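Let's take a friendly walk through a protein model together. Have a look at the sequence and the structure, and then read on.

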Amino acid sequence: MTLQLRVYVPPHPLIKHWLAVARDAATPSVLFRSAMTELGRWLTYEAARDWLPTLETTVQSPLDSTAATFIDPEVPVAVVPILRAGLGLLEGAQTLLPLASVYHLGLVRNEETLEPSCYLNKLPEKFAPQTRVLITDPMLATGGSIMAAMAELTQRGVDPVLTRIVCVVAAPPALQKLSVAYPGLNVYTAAIDETINSQGYIVPGLGDAGDRTFGT
């Protein structure tokens with residue numbers, strides 16, 4: 001079977017609500033942070049479906065033994081927030097993946113060339129086989145940052161098929177680049193917007209998610 005990029009836009013009313021809060025230019029920073037946390041939580045919930053490894057066993061209820069399914073603790077799970085904006089989604093993701101390891105990757109975009117450069121890399125030299133990796137990055141715009149992140153991860157042994165990207169808004173340029181380079185990857189987003197402007201911002205988008213999250 002030929003692999004291809006899959007992009008999910010869950011039709012959940014809570015995701016739609018918090019996206020609307022985040023899009024609103026009048027939303028203050030403190031409420032924007034809440035919106036990012038909630039979007040991180042609900043999008044991670046959707047991304048975890050049919051992704052987290054499970055094991056089958058039995059447990060003893062107060063009345064009888066019964067079949068039971070648990071998350072397999074032997075298979076590693078990692079969350080990689082793309083700094084700094086990805087930190088806004090991290091808290092929500094961690095509420096659902098409390099045992100996941102967190103590896104920070106700091107990328108900054110040159111405002112003239114729109115090319116990313118790395119200023120912090122806390123990724124391990126090698127990920128264990130079968131590691132599930134969740135990347136949090138609110139905006140997939142030109143694709144520069146997410147492509148750089150995927151390059152760093154795959155050269156350390158991460159399988160794109162076992163990787164999930166959680167973002168708030170995605171645009172065609174980023175999705176097209178990911179589709180060509182990493183078929184089999186799965187992206188979970190609250191919305192797909194039609195275009196980006198000359199400054200590389202998604203339109204209508206959210207504005208600068210990092211600035212709005214941290215109020216700077």
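**Cysteines, cores and a helix pair**

This model is predicted, and it contains zero disulfides. Cys-118 counts as partly exposed because its relative accessibility is 42%. Cys-167, with a relative accessible area of 0%, is buried.

Now let's turn to the inside. How many residues does the largest nonpolar core have? There are 35, and those with the most contacts inside this core are Met-36, Leu-39, Leu-97, Leu-134, Val-168 and Leu-206. Several elements each supply at least two residues of this core: the helices H1 (13-23), H2 (29-48) and H3 (87-96), along with the strands S4 (77-83), S10 (163-170) and S11 (186-192). The largest share comes from H2, which gives seven residues.

Leaving aside residues up to four places away in sequence, Leu-97 touches Thr-44, Trp-51, Leu-52, Val-77, Val-79 and Leu-134. There is also a second, separate core of 25 residues, and among its members are Leu-107, Val-133, Ile-135 and Tyr-182.

Finally, let's look at a pair of helices. Two packed helices are described by the angle between their axes and the distance between the axes. Helix H4 (residues 144-154) packs with helix H5 (residues 172-181) at an angle of about 25°, and their axes are 9 Å apart. Angles under 35 degrees count as roughly parallel, so H4 is roughly parallel to H5. Their crossing is right-handed. Where the two helices meet, H4 brings Ile-146, Met-147 and Met-150, while H5 brings Lys-177, Leu-178 and Ala-181.

Conventions:
Residues numbered from 1 in each chain as written. Predicted model: local features only at pLDDT ≥ 70, side-chain atom pairs only at ≥ 80, totals over all residues. Heavy atoms only, no water. Disulfide = S-S within 2.5 Å. Buried < 20%, exposed > 50% of the residue type's maximum accessible area, 1.4 Å probe, protein only. Core = buried A, V, L, I, M, F, W, Y, C linked by side-chain atoms within 4.5 Å. Helix = DSSP H or I, 4+ residues; strand = E, 2+ residues; numbered from the N terminus. Contact = heavy atoms within 4.5 Å. Axes fitted to C-alpha atoms, helices over the stretch in contact; angles between N-to-C directions. Parallel < 35°, antiparallel > 145°, perpendicular 65-115°, else oblique. Left-handed = near helix turned anticlockwise from the far one by under 90°.
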